[in-house]
Amino acid sequence: MSARTARRSAGIVLYRVVSGAPQVLLGHMGGPFWARRDAGAWTIPKGEYDPGETPEDAARREFGEELGVPPPEGDLVPLGEVRQSGGKIVTAFALHGDLDLDAVVPGTFALEWPKRSGIVREYPELDRVDWFDLDRARDAVVVAQRVFLDRLEERLA
């Protein structure tokens with residue numbers, strides 16, 4: 001799959017600083033495939049976009065769609081892009097801000113489960129969200145997205 005035809009996603013690494021240490025907001029991926037997984041099953045709020053949309057606009061839109069609340073106001077700081085194991089290219093932006101976890105109302109998606117059962121159910125995009133310090137976040141997040149945490153840490157140093 002070439003970079004030209006690869007699916008593209010954009011997302012926001014929302015961070016805050018508590019007692020001098022950065023924390024990032026991650027969401028645990030929803031649906032039956034991820035239900036019993038923890039390590040590597042967390043992600044930044046992100047989603048796919050089409051060529052006519054900028055990654056910045058897509059990151060803000062997807063944050064709202066996945067969490068049910070708009071991202072905090074502020075400037076998006078580019079953290080670059082990575083190619084995940086499935087070939088999807090993810091572009092991320094850092095954003096300093098806070099978010100009340102109780103305000104989150106995740107978006108949903110439809111999935112036939114079990115496969116070929118004919119039973120289609122709605123699942124939350126993210127079944128829970130939480131704040132993580134950077135070390136804990138590196139253990140929890142999808143492996144390819146760890147680089148975004150490293151880049152954020154470098155920027156904050």
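Figure 1. Arg-138 counts as buried, at 16% relative accessibility. In this predicted model, the side chain of Arg-138 forms a salt bridge with Asp-150, and the closest N and O atoms are 2.8 Å apart. Distant parts of the chain are linked by this pair, since Arg-138 belongs to helix H2 and Asp-150 to helix H3, twelve residues apart. Asp-150 counts as partly exposed, at 32% relative accessibility. Arg-138 is also among the residues in contact with Leu-149, which is taken up in the next view.

**Figure 2. The largest nonpolar core and the surroundings of Leu-149.** The largest nonpolar core comprises 19 residues. Those with the most contacts inside this core are Val-13, Val-24, Leu-26, Phe-132, Phe-148, Leu-149 and Leu-152. At least two core residues come from each of strand S1 (8-18), strand S2 (21-29), strand S5 (77-83), strand S6 (89-96), helix H2 (134-140) and helix H3 (146-156). A further core of 18 residues lies apart from the largest one, with Ala-10, Ala-58, Leu-76 and Val-104 among its members. When neighbours within four places in sequence are left aside, Leu-149 is in contact with Val-13, Val-24, Leu-134, Ala-137, Arg-138 and Val-141.

**Figure 3. The salt bridge between Arg-7 and Glu-48.** The structure holds twelve salt bridges. One of them joins the side chains of Arg-7 and Glu-48, at 2.7 Å from N to O. Arg-7 is located in the segment before S1 and Glu-48 in strand S4 (residues 46-48), so that the pair, 41 residues apart, links distant parts of the chain. Arg-7 is partly exposed, with a relative accessible area of 43%. Glu-48 is likewise partly exposed, with a relative accessible area of 37%. Side chains of opposite charge can pair when their charged atoms come close.

Figure 4. Glu-62 is placed in helix H1 (residues 55-67). The relative accessible area of Glu-62 is 8%, so this residue counts as buried under the 20% limit. The closest N and O atoms of the Glu-62 and Arg-61 salt bridge are 2.7 Å apart. The two side chains also make a polar contact, at 2.7 Å. Glu-53, Arg-61, Glu-62 and Glu-65 are linked in a network of salt bridges. Not counting residues up to four places away in sequence, Glu-62 touches Ala-10, Lys-46, Gly-47 and Glu-48. Of these, Ala-10 is a member of the 18-residue core, and Glu-48 is the partner of Arg-7.

**Figure 5. The largest pocket.** The volume of the largest pocket is about 720 Å³. The pocket is lined by 32 residues, of which Met-29, Gly-30, Trp-34, Lys-46 and Lys-88 are the closest to its centre. Two or more lining residues are given by each of S4, H1 and strand S7 (108-112). Lys-46, one of the residues closest to the centre, is also touched by Glu-62.

**Figure 6. Gly-107 in the loop between S6 and S7.** Gly-107 occupies the loop between S6 and S7. Gly-107 counts as buried, at 17% relative accessibility. The C-alpha atoms of Gly-107 and Pro-124 are separated by 5.7 Å, although the two residues are 17 residues apart along the chain. Not counting residues up to four places away in sequence, Gly-107 touches Glu-65, Glu-66, Tyr-123, Pro-124 and Glu-125. Among these contacts, Glu-65 takes part in the salt-bridge network with Glu-53, Arg-61 and Glu-62.

**Figure 7. Backbone geometry in two loops.** Most residues other than glycine have a negative phi, and most peptide bonds are trans. The peptide bond from Trp-113 to Pro-114 is cis, with omega near -5°. Pro-114 lies in the loop between S7 and strand S8 (120-124). Arg-116 is also located in the loop between S7 and S8. Arg-116 is not a glycine, yet has a positive phi of about 60°. Arg-116 is exposed, with a relative accessible area of 77%. Ser-19, in the loop between S1 and S2, is not a glycine either and has a positive phi of about 50°. Ser-19 is exposed, with a relative accessible area of 81%.

How values were computed
Residues numbered from 1 in each chain as written. Predicted model: local features only at pLDDT ≥ 70, side-chain atom pairs only at ≥ 80, totals over all residues. Heavy atoms only, no water. Core = buried A, V, L, I, M, F, W, Y, C linked by side-chain atoms within 4.5 Å. Buried < 20%, exposed > 50% of the residue type's maximum accessible area, 1.4 Å probe, protein only. Helix = DSSP H or I, 4+ residues; strand = E, 2+ residues; numbered from the N terminus. Contact = heavy atoms within 4.5 Å. Salt bridge = Lys/Arg side-chain N within 4 Å of Asp/Glu carboxyl O. Polar contact = N/O pair within 3.5 Å; in protein donor to acceptor, adjacent residues only side chain to side chain. 1 Å grid on protein atoms, 1.4 Å probe; cavity = no way out; pocket = protein on both sides within 12 Å on 5 of 7 lines; lining within 4 Å. Points joined across faces, edges and corners; volume = space filled by probe spheres on them.
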